[in-house]
Amino acid sequence: MRRDFKKDKKAGGRKKFFVRRRKACKFCVEKIEYVDWKDVKTLQGFIPERGKILPRRISGVCSLHQRKLQTAIKRARAIALLPYATD
Amino acid sequence: MRLYDIVVVLSPEVAPDQATALVDGFKKILTDDGAQMKTEEVWGRRRLAYPIAKRREGVYYYWQFEAKTETVAELERKLRLSDDVLRHLAVRADEELRRSVKLRKKREAKAAAKPKKAPAEAAAEPAEPAEA
């Protein structure tokens, strides 16, 4: 068994690095130019449990839309549509 | 005149008829100064994402209107003075709107240019063997 495992590793050296699918920006895909701060449902997708803004390295949002998303979330927070922080 | 988005959060303790009177008062400030209401929505009672002044709920109102800067400044001053207003947010909407229209045009132009490019490439390819 162990030898098999070793062999597999050697043979499929490339397979170890599985192909990571490139994340696409949700707003670019759906062709949304304006990130609406009133649209809580969409914004909520970028707010993990802790209430922080999801970094774009994780969400895959492009820099332009991340900047828009950022202001939208901050505006929504100001009127208590979204939390600043939660425990 | 500029386009504004505004959200007002009222305290849930205000009686409904009192709330409408209050809201009408705010709207009067706008209309008296020549502002034009574009959209008006009552989102109603919503749970606040965090407690404000020991309240867990708020009554939300949303308006979109065209008004002068001074008019909005006056409205915001009144909103701040009122104890029944938990929160308010007034932001310019015309700039963002213009930007998004521009972006959309840019994207459409790009999409229109793409199929044009493909035949151009196809035309260039048969030309190459002729050169050789």
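1. Two strands count as paired if DSSP finds at least two bridges between them. On that basis V8(B) stands opposite H88(B), a residue of β4(B). The model is predicted, and this note should be read accordingly.

2. β1(B) and β3(B) run antiparallel. Nine bridges join them, with β3 spanning residues 55-67 of chain B.

3. In general, strands of a sheet pair through backbone hydrogen bonds, in either a parallel or an antiparallel way.

4. The sheet of chain B has four strands and is open. Its order is β2-β3-β1-β4, with antiparallel pairing. β2 (36-52) and β4 of chain B are the edge strands, each pairing on one side only. From one strand to the next, the twist averages 20°.

5. How many residues of strand β1 of chain B are buried? Seven of the nine, counting residues 2-10, so the rest of the structure largely encloses this strand. For chain B as a whole, 18% of the 132 residues count as buried.

6. Helix α1 of chain B covers residues 16-32. The helix lies across β1 and β3 of chain B. Its direction makes an angle of about 25° with β3(B).

7. Chain B has three helices and four strands. Read from the N terminus, the elements come in the order β-α-β-β-α-β-α.

8. Contacts in chain B deserve a separate point. Take those with a separation of 6 or more: 77% of them are accounted for by residues 24 or more positions apart.

9. Which residue classes make up the side of chain A that touches chain B? First the counts: 11 residues of chain A are in contact with 15 residues of chain B. The chain A side has eight nonpolar and three charged residues, and no polar ones.

Terms used: Residues are numbered from 1 along each chain as its sequence is written. Chains are lettered from A and ligands numbered from 1 in the order in which they are written. This is a predicted model: local features need pLDDT of at least 70, side-chain atom pairs count only at pLDDT 80 or more; totals for chains, interfaces and linings use all residues. A residue is buried if 20 or more other C-beta atoms lie within 10 Å of its own, exposed if 12 or fewer, and partly exposed in between; C-beta atoms are placed from the backbone. Helices (H or I, at least four residues) and strands (E, at least two) are DSSP runs, numbered from the N terminus. Axes are lines fitted to C-alpha atoms, for helices over the stretch in contact, and angles run from 0 to 180 degrees between N-to-C directions. Two residues are in contact if their C-beta atoms, placed from the backbone, lie within 7 Å. Ala, Val, Leu, Ile, Met, Phe, Trp, Tyr, Cys and Pro count as nonpolar, Asp, Glu, Lys and Arg as charged, and the others, Gly among them, as polar.
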